[in-house]
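The sequence and the structure come before the discussion.

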Amino acid sequence: MNGISFLGLKSTDSPLRWVLPVVPGLCSGRNSLFGGVGVAAGVAALEAASGRSCVWATTQFLTFCGPGDNLEIDVELSVVGNLVTQGRATLRVGERVVLVIARARNSPFCTYCKAPGMSLDSTSTSLARMAVSAGAAPR
């Protein structure tokens, strides 16, 4: 199961726009969307729009939303390069911006970002092995 189906994200006519119906299961005991759910929804929308996995993210939380809200996610791909794509996702309810996410994604062939077929969990270990095999002294 991918993040889109797990979260219940809905696609729209535009590949750069998604909607997350906020349901009680995505909210805390205070009836506000869990912050991680908002971040995950934005990342999933960015990855779907770019076709590239996320390498890093920074998020600015501005306000809350809760059950019954439809969180609209607008994706902007600011820079689309051969090795790196940078983008932003703005998540809002109506005119109210809830959070903004800035992301960078890498090409599957970007060896200094992530070796082909390698999971992000193993990146630092594999990069250390690559450095040793390239002649760097192990630490």
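## Ser 50 and its surroundings

The side chain of Ser 50 makes a polar contact with the backbone oxygen of Leu 46 at a distance of 3.0 Å, and another with the backbone nitrogen of Arg 52 at 3.1 Å. A polar contact is here a pair of N or O atoms within 3.5 Å; within protein, one of them must be able to donate a hydrogen and the other to accept it, and residues adjacent in sequence count only if both atoms are side-chain atoms. Ser 50 belongs to helix H2, where helices (H or I, at least four residues) and strands (E, at least two) are DSSP runs numbered from the N terminus.

The model is a predicted one, in which local features need pLDDT of at least 70 and side-chain atom pairs count only at pLDDT 80 or more, while totals for chains, interfaces and linings use all residues. Residues are numbered from 1 along each chain as its sequence is written, and side-chain values use heavy atoms, with hydrogens and water left out.

Residues are classed by relative accessible area, buried meaning under 20%, exposed over 50% and partly exposed in between, with a 1.4 Å probe and protein chains only. The table sets out this value for several residues.

| Residue | Relative accessible area | Class |
|---|---|---|
| Ser 50 | 19% | buried |
| Ser 32 | 14% | buried |
| Cys 27 | 7% | buried |
| Cys 54 | 11% | buried |
| Pro 15 | 59% | exposed |

## Overall architecture

The protein has 3 helices and 6 strands, which follow one another from the N terminus in the order α-β-β-α-β-β-β-β-α. Of its 139 residues, 35% count as buried, and the accessible surface, computed by the Shrake-Rupley method with a 1.4 Å probe, comes to about 8000 Å², with 56% of this belonging to carbon and sulfur atoms. Contact means heavy atoms within 4.5 Å; among contacts between residues at least 6 apart in sequence, 57% join residues at least 24 apart.

## Strand pairing

Two strands are said to pair if DSSP finds at least two bridges between them. Strand E1 (residues 10-11) pairs with E2 in the antiparallel sense over 2 bridges, and Ser 11 has Trp 18 in E2 as its bridge partner. These two strands form a hairpin with 5 residues between them, and Pro 15 is found in the loop that joins E1 to E2. Although Pro 15 and Asp 74 are 59 residues apart along the chain, their C-alpha atoms are separated by 9.4 Å.

E2 also pairs with E4, again in the antiparallel sense, over 5 bridges; Arg 17 stands opposite Asp 74 in E4, and Leu 20 has Leu 71 as its bridge partner there. The covered face of E2 carries Trp 18 and Leu 20, whereas Arg 17, Val 19 and Pro 21 make up its uncovered face. E4 is in turn joined by 8 antiparallel bridges to E5, with Val 75 opposite Ala 89, and this hairpin has 3 residues between its strands.

## The nonpolar core

In soluble globular proteins, nonpolar side chains tend to be buried together. A nonpolar core is taken as a set of buried Ala, Val, Leu, Ile, Met, Phe, Trp, Tyr and Cys residues joined through side-chain atoms within 4.5 Å. The largest such core has 23 residues, and those with the most contacts inside it are Leu 9, Leu 20, Leu 33, Cys 65, Leu 71, Ile 73 and Leu 91. At least two core residues come from each of E2 (17-21), H2 (35-50), E4 (70-80), E5 (84-93) and E6 (96-106), and H2 gives the most, with 5 residues. Leaving aside neighbours within four places in sequence, Leu 9 is in contact with Ile 4, Trp 18, Val 19, Leu 20, Ala 41, Ala 44 and Ile 73.

Asn 31 lies in the loop between E2 and H2 and has a positive phi of about 60° although it is not a glycine. Ser 32 is found in the loop between E2 and H2, and, beyond its neighbours within four places in sequence, Ser 32 is in contact with Leu 26, Cys 27, Phe 64, Cys 65 and Gly 66.

How many disulfides does a search of the whole structure find? The search, in which a disulfide is a pair of cysteine sulfur atoms within 2.5 Å, finds 0. For Cys 27, the closest cysteine sulfur is that of Cys 65 at 6.8 Å, which is too far for a bond.
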